[in-house]
Amino acid sequence: MTVTVDTTAAAALALGDDALVLSHRLGEWAGHAPVLEEEVALANIALDLLGQARVLLSMAGDEDELAYLREERAFRNLQLVEQPNGDFAHTIARQLYFSAYQQLLYAGLAAGDGPFAPLAAKAVKEVAYHRDHAEQWTLRLGDGTDVSHDRMQRACDALWRFTGEMFQPVNGVDADWAGMETAWLESVGEVLRRATLTVPEGPRTGAWAAGAGRQGLHTEPFGRMLAEMQHLHRSHPGASW
Amino acid sequence: MSTTDWPLWEVFVRSRRGLAHTHAGSLHAPDAELALRNARDLYTRRGEGVSIWVVPSSAITASSPDEKDPFFEPSADKPYRHPTFYEIPEGVKHL
Amino acid sequence: MATAATRDTAGTTAYGTPDATGDTTAYQRAFDAAVAADDRIEPRDWMPDAYRATLVRQIAQHAHSEIIGMQPEANWITRAPSLRRKAILMAKVQDEAGHGLYLYSAAETLGVSRDELLDKLHSGRQKYSSIFNYPTLTWADVGAIGWLVDGAAITNQVPLCRCSYGPYARAMVRICKEESFHQRQGYELLLALSRGTPEQHAMAQDAVDRWWWPSLMMFGPPDDASQHSAQSMAWKIKRHSNDELRQRFVDICVPQAESLGLTLPDPDLKWNEERGHHDFGPIDWTEFWDVLKGNGPCNEQRITQRRRAHDEGAWVREAAAAHAAKHHGEARHTGQTGAARA
């Protein structure tokens, strides 16, 4: 398959937007985490993702122009990563779903020789840690108190509908999407079961539920997130910071 | 509030291979696994380490400052344990 | 022999305390001699009660300042105008959480728990630095905090690396090392604004105008009105007087402001050849005491957010504790928990 520069740029945008948007959401936790040690942990993950985003967006153009001057419909991130933080359980469920996906994706890309191999080789170590962090907390919240079990189950159920979209092939990203999905279901299912949680049964594909973020169709909270993220940059056209 | 009191852990970091682990500080964690991860996030975020130990603070046995004299002073008057105690004629090598 | 090398959370009743006669003379002499010789006092050494109390108060206040201090800057993380600035700001706010942790740990070596200290912060029985009761109204405030607030903090903190209490001094060494980037990023941020568009320049000047005087107040009341200073100096917890450090800070800032192309909002500021220092105008201590009493623009907001984060996190902390209790002794990843093999 011949991969043109444009295809690579579009693919970089999709992966870069995932990292950018999730990093932003995690950044919203600063000063609000349940315990100080977790302030440090969440910030580490956010910084890893922001680093990935900057490399990826730079493959597609100017990182700041892309981050700050695109309209909502031009963003290519998954709907999963734009979902609001909710309580700590929602944040952990989002982390578990996404980091398990990112780990599979980057492991595959790092093993190949495509344009994303160098980034993936570095990022796969970072996301392995993100996944471990999410797994540890899923186990503790799922198998902690009755309250935490219920919250964690609700969070897993609520975000489940956004997980099908992750395995929609991205043009320009050389991956075994179907194989990744099988592996993802297996590994996430295993963590949830160990955490005494029920693997959600709701739909993961179809209609608005999935397959939209990559095409530029987002959920309501995303517009507000972008408004906040972009307003200062847009208020001073052409300025350097 | 006792259910939310996480125990205290002491953190030891090996800064690079070939060096011993040294005490870096402490933190709170509910269990050893999270203690290890918290230690990684807190004490090695600028690349300060290649290996970490965490030990529950309550598991450490220490000498007491009151026993300082009997513990440590007797070793101060045994200079023959140090190489500088011995006089060797000038010119003798590899000794 | 005793348990717990690094701390004795039961207090000091068991070790390093005088015998039944209660005679502390010998201990006091040993303590005084250690301080005089610039030796460090370590957690399990005997120390006067007032020395311990002063340290707990000061270290706790310092730790509280770090974590409350996250708020005014975190206020801009989601609006940082470039990805580079966003990464820097996140790393800085993260450092502050880390520094809070180092300091709470140092305080814990004195026999108080972090929960106790947080409880005192949340109920207003312990204070944090008043500077964080001022709002961050524009992006330039992030720069002004880095340059002026962190600059003042560093001026205060560098001498603390030689503080007589070992754990506090060691925490400060680590903190000062990590904080060296905080001030520089603030200065660089302001420089970019100052040399930017007229709107950006005005934003930078406005921020410096608002943060200059509160920064000078960070050194505490004048020496003649400072209630704890003399004793703290004698104990070598403190190495320089408030006014001394304040003067040092002013002298450092004047040329830095010039290089920034910004002015400091003090008409009386001028070089005094005779003193070899800059003279500066009178500080509004009424404002200082007023903010300290809780009447600053953000006192209520800061402590409310802090309490809410703590309360809303309670179920998470409880869950992890419950999980640990259920699985106590179970080593799932033996390779990782078996430290001796690492």
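1. The side chains of Asp143(A) and Lys326(C) form a salt bridge, with 2.9 Å from N to O. The term denotes a side-chain nitrogen of Lys or Arg within 4 Å of a carboxyl oxygen of Asp or Glu. By this rule, the interface of chain C and chain A holds 2 salt bridges.

2. This is a predicted model, in which local features need pLDDT of at least 70 and side-chain atom pairs count only at pLDDT 80 or more, while totals for chains, interfaces and linings use all residues. Residues are numbered from 1 along each chain as its sequence is written, chains are lettered from A in the order in which they are written, and side-chain values use heavy atoms, without hydrogens and water.

3. Chain C contributes 46 residues to the contact and chain A 50 residues (contact means heavy atoms within 4.5 Å). Between the two chains, about 4000 Å² is buried, and carbon and sulfur atoms give 66% of this area. Buried area is the accessible area (1.4 Å probe) that two parts lose on being put together, summed over both.

4. On the side of chain C that touches chain A, helix H4 (83–108) of chain C is among the elements that give two or more residues. H4(C) gives the most, with 13 residues. Helices here are DSSP runs (H or I, at least four residues) and strands are runs of E (at least two), numbered from the N terminus.
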